[in-house]
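My entries follow the display.

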Amino acid sequence: MRDLLLHLECHPDATSHEAVARAVSFAAWLGAGLTALACEVEFPVRRTVLSDLMIDVKALAERERQRCRDHIHDLMGHFTEETAAVDIARHQIVRRCLTTEVQDVVVAHARICDLAILPLAPSDSWEHWLVEAVIFGSGRPVLVLPESPPDRLPKPEAPPPRRLVPERIGVAWDASRPAARAVADALPLLRRAGSVKLLTIVGDKAMTPWISTPDLVRHLARHGIDAVAEERPAAGRPAADVLDEFARDQKLDLLVMGAYGHSRLREFVLGGATMGLLRRPPAPILLSH
């Protein structure tokens, strides 16, 4: 992984400085270059006599545009400072587009990078839709970077973590195609990790009888990765709950998993286990489809 993409959200709220710092530290850990992408959104104005009497729609739209520009200026300045401090290759892209075009812009740029980093604010449905679009539309792995620290990290009154150096990586393994894709995409990270833990959830779904977790351990060993396998029973719990427990018990810095989805008309939407984790990520999550 030599070329990473970081999406900076500028509307309605801006990506946090903490998320920028963590993304930069992750790129430095990999020895990769980092491109910051921001969308300066345009708001289509549909004026009517009634709307003009109630509110100046054109002025309101212009205020929102200026607010977005201010966020971009602030975030790009912070991005420049952070990347200069660690001396990595950097690039900045600002695209002007309609709010309805943001997903298409991010997907297009994600297709020409090795990994897309998407900061995710708590309970932000817009950013969840963006994650779905990039996972299923880019053909590249996505690193979801939660902007709120997990419970195991310092309390809110303490300074938030500013580095992402994934020494402890967990892999969700069920021998499926998405899981296999995720493992392959994560190999450069797994080689650098201090410890790699594999988790198979027993009783959640039927696994192929032809491949076992020890087979994956052997495969990773040939890549110089010393992985330890573990099984946990579902015991009637959703897979997302078991993975959340695993991530917190192991104090993972990163969780690797396949992104499951199902067709909804002409689009794909994330499956229950994936969405369950994204609502309250226990750690940064690398997702592949």
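I began with strand β1 (residues 3-8), which runs parallel to strand β4 (residues 115-120) and is joined to it by three bridges. Strands, like helices, are DSSP runs numbered from the N terminus (strands E, at least two residues; helices H or I, at least four), and two strands pair if DSSP finds at least two bridges between them. Leu4 stands opposite Leu115 in β4.

I noted the basis of the entries: this is a predicted model, local features need pLDDT of at least 70, side-chain atom pairs count only at pLDDT 80 or more, and totals for chains, interfaces and linings use all residues. Residues are numbered from 1 along each chain as its sequence is written, and side-chain values use heavy atoms, with hydrogens and water left out.

I then traced the whole sheet: 10 strands form an open, mixed sheet in the order β3-β2-β1-β4-β5-β12-β9-β6-β7-β8. β3 (90-98) and β8 (227-233) each have a single partner strand, so one side of each lacks a neighbour in the sheet.

Next I looked up β6 (residues 168-172). It pairs in the parallel sense with β7 (residues 195-202) over five bridges, and Val171 stands opposite Leu198 in β7. With β9 (residues 254-258), β6 pairs in the parallel sense over three bridges; Ile169 stands opposite Leu254 there. Four of the five residues of β6 are buried (under 20% relative accessible area, 1.4 Å probe, protein chains only).

Last, I checked Phe26. Leaving aside neighbours within four places in sequence, Phe26 is in contact (heavy atoms within 4.5 Å) with residues including Leu4, Leu115 and Ile117.

Technical notes. Buried means under 20% relative accessible area, exposed over 50%, partly exposed in between (1.4 Å probe, protein chains only).
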